[in-house]
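Colleague: I would like to go through the terms used for this model one by one, with each value set against its cut-off. Shall we begin once the structure is on the screen?

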Amino acid sequence: MGLAPGEHEQFYNGPLNDGLPSIVAAAHELKSPLALVRQLSLMLETGDLPLADQKRMLRQISLTSERALRLTSDLTRSVRLSDALFKLEPINPQQLCEDIVRELAPLFTAHNRDVKLVSRKHHLLLVANRDLLRRIIMNFSDNALHYTENDSAVEIKIVSLKSGNIIRLCVRDYGPALPIDTLKSLQGKLANCAPTPVHARPQSSGLGLYISSQFADAMNGRIGVTQHRDGATFYIDLQASQQLSLL
Amino acid sequence: MKTPKVLIVEDDEWLAEQHLRVLSLAGYEATIALHAIAAIQLIDDIHPDVIILDVLLTGNTAFALLHELQSYGDTGKIPIIICSNLASELSIDNLKPYGVKRILDKTTMEPDDVVAAVRNVLL
């Protein structure tokens, strides 16, 4: 039975019936970074830490705040998706991913991890909205940062599929494999475009992925996940631009 | 007197580091496990006197780890302190059979609370 307008579904059941992501999911996602920032701030207030520790903690506060702000910005954007017309344009994904790698490098370095783009010989063009695609890849990368093992790299890769008609942007992490039930749940939820329940992905409500799937929908794209023995790949498939073939 | 060993099972690396910093300053020997699989290995290696455990972990949840610990006589006796954002949804009475002695709420705790909790369960 449907809910009355504005009535909120339970956290585990997904989005609000008016299409807004669950407020509880958002609150849950923001709890972790805020709790960390608070702990670090309280510790700094004691004032009797070595200078190197103080600097490191301040850096962690900045980077954690930036990640949390990215989520709030994505949330705002996702809520306004239906109101806005998004300009779809031919985009060079290589260039976009290079920018993202550059932007995320300090965060990854601070976590003793690396993020790198697997370069291609031949450049491709896809049709997307630059801002939304950027947010999706940033989101996948944030997710991968959490899952990848210490001292290893997250890889962003651009692949051409279906005789060049589809361009897939992949973000591969190397960490503990997702349990099979988690993977199935994730794949099901991604297919249904609903947020994953909080326990389906440990320590995450899946809100970031839900928002990414909304962004992908707005560009006629599709997101998905592939399980590996040593991690996972989150990807988005988008239509290739025919512009190059016209040259 | 032997320095008590504390195992911190926390997948947020920087929060784990924060707990380690506070516990080390208080004189404990603390070690970090970023996920449940690493925790099981470390429990065998270092035989911690107390475990600080987050609930939602990468890979398996804390509950899978609690079940695993209870499967063996020696590990089942290690006192557990749950430290979670979901503290308000957990009941100490329900978790006592799994060796849980304290529940800390990450969203409201003070940094020293983790030391107080460890001290308390080791009394």
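Modeller: Two strands pair if DSSP finds at least two bridges between them, and helices (H or I, at least four residues) and strands (E, at least two) are DSSP runs, numbered from the N terminus. This is a predicted model, in which local features need pLDDT of at least 70 and side-chain atom pairs count only at pLDDT 80 or more, while totals for chains, interfaces and linings use all residues. Residues are numbered from 1 along each chain as its sequence is written, and chains are lettered from A and ligands numbered from 1 in the order in which they are written.

Colleague: How do you know that S4(A) and strand S5 (residues 166-174) of chain A pair?

Modeller: They are joined by 7 bridges and run antiparallel, where at least two bridges are required. Within this pair, A:Ile156 stands opposite A:Val171 of S5(A).

Colleague: What makes strand S2 (114-118) and strand S6 (222-228) of chain A edge strands?

Modeller: Each of them pairs on one side only, in an open sheet of 5 strands with mixed pairing and the order S2-S4-S5-S7-S6 in chain A.

Colleague: Why is A:Thr148 called buried?

Modeller: A residue is buried if 20 or more other C-beta atoms, placed from the backbone, lie within 10 Å of its own, exposed if 12 or fewer, and partly exposed in between; A:Thr148 has 27 C-beta neighbours inside 10 Å, and therefore counts as buried. A:Thr148 sits in the loop between helix H4 (130-147) and strand S4 (153-161) of chain A. Leaving aside residues up to four places away in sequence, A:Thr148 touches, among others, A:Arg113, A:Asp173 and A:Gly231, a contact being two C-beta atoms within 7 Å.

Colleague: Why is H1(B) called oblique to H5(B)?

Modeller: Axes are lines fitted to C-alpha atoms, for helices over the stretch in contact, and angles run from 0 to 180 degrees between N-to-C directions. The axes of helix H1 (residues 13-25) and helix H5 (residues 113-121) of chain B come within 9 Å and cross at roughly 60°. Angles under 35 degrees count as roughly parallel, over 145 as roughly antiparallel, 65 to 115 as roughly perpendicular and the rest as oblique, so H1(B) is oblique to H5(B).

Colleague: Which residues of H1(B) and H5(B) make the contact?

Modeller: B:His19, B:Val22 and B:Leu23 of H1(B) meet B:Val114, B:Val115 and B:Val118 of H5(B).
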